[in-house]
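Here is a short report on helix packing and sheet architecture. Please view it alongside the model.

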Amino acid sequence: AKVQELKERALEKLSSGDVAMRRRLSAEINGLHGIYGHDLNLAKRDMHLLVSTDTYQGRTAAEVLREFLLHQGINSDVLIPSRLSTKDTEAFSSGIKELISWCDKEIPGYRRAGYRIIFNLVGGFKAFQGYMNTIGMFYADQIVYIFEAANADLITIPRLPIEFKLDVLKPYAVWLAMMAEGYLCPIERLEGLPEIFVDTEGSHATLST
């Protein structure tokens with residue numbers, strides 16, 4: 001009940017406030033004003049995806065932003081990766097993996113349609129930002145931040161020319177192919193393989209997302 005009360009108050013303040021007020025109230029909206037040169041009318045030509053934690057407060061906060069943006073005529077939607085939260089490492093890791101899978105499946109289509117992909121990391125919690133910064137190096141054309149004041153200039157980080165060093169996988173090609181078909185591989189057979197490629201289950205491993 002308290003969260004719903006705060007939601008209504010937040011929506012009322014966003015709807016009735018001026019630009020300066022809105023930028024102080026919401027880091028995400030502050031980022032949008034930075035991206036579009038303080039004219040949110042330009043945002044109406046684009047699609048905006050709000051990534052939320054899989055928590056009641058996270059979903060509610062995302063709903064506030066989505067309702068405000070839709071009221072402004074700005075296309076927006078909410079993506080909630082299952083279990084994404086800072087409750088524990090397992091839950092957070094599971095949510096991030098689902099988000100990476102979404103990026104890999106959906107973002108290429110947006111790019112083929114002529115979109116530039118911008119990760120707006122003005123807002124969000126630190127653990128999430130750290131991962132999104134890394135993911136953005138593969139999937140985003142640009143990553144943006146605003147530090148300190150609500151009306152500060154946008155800080156942009158361009159995409160780096162990063163690629164995987166596939167040579168490190170060659171010694172494990174057989175085991176990787178088997179794991180791709182569901183095989184539980186003994187960990188000792190994967191010694192030296194970067195841990196990011198596998199999820200461990202006791203003394204065995206499977207391919208990570």
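Three strands form an open sheet in the order β6-β8-β7, with antiparallel pairing. β6 and β7 stand at the edges with a single partner strand each, so one side of each has no neighbour in the sheet. Strands pair when DSSP finds at least two bridges between them. β7 and β8 are joined in the antiparallel sense over 4 bridges. In β8, Ala-205 is the bridge partner of Thr-200.

This model is predicted: local features need pLDDT of at least 70, side-chain atom pairs count only at pLDDT 80 or more, and totals for chains, interfaces and linings use all residues. Residues are numbered from 1 along each chain as its sequence is written, and side-chain values use heavy atoms, without hydrogens or water.

| Element | Residues |
|---|---|
| Strand β6 | 185-186 |
| Strand β7 | 198-201 |
| Strand β8 | 204-207 |

Helices (H or I, at least four residues) and strands (E, at least two) are DSSP runs, numbered from the N terminus. Helix α7 (residues 173-180) lies across β6, β7 and β8, at about 75° to β8. Axes are lines fitted to C-alpha atoms, for helices over the stretch in contact; angles run from 0 to 180 degrees between N-to-C directions.

Helix α1 (residues 2-16) packs with helix α4 (residues 56-71) at about 25°, their axes 10 Å apart. That makes α1 roughly parallel to α4 (angles under 35 degrees). Val-3, Leu-11 and Leu-14 are among the α1 residues in this contact, and Val-64 and Phe-68 among those of α4; contact means heavy atoms within 4.5 Å.

Conventions:
Parallel < 35°, antiparallel > 145°, perpendicular 65-115°, else oblique.
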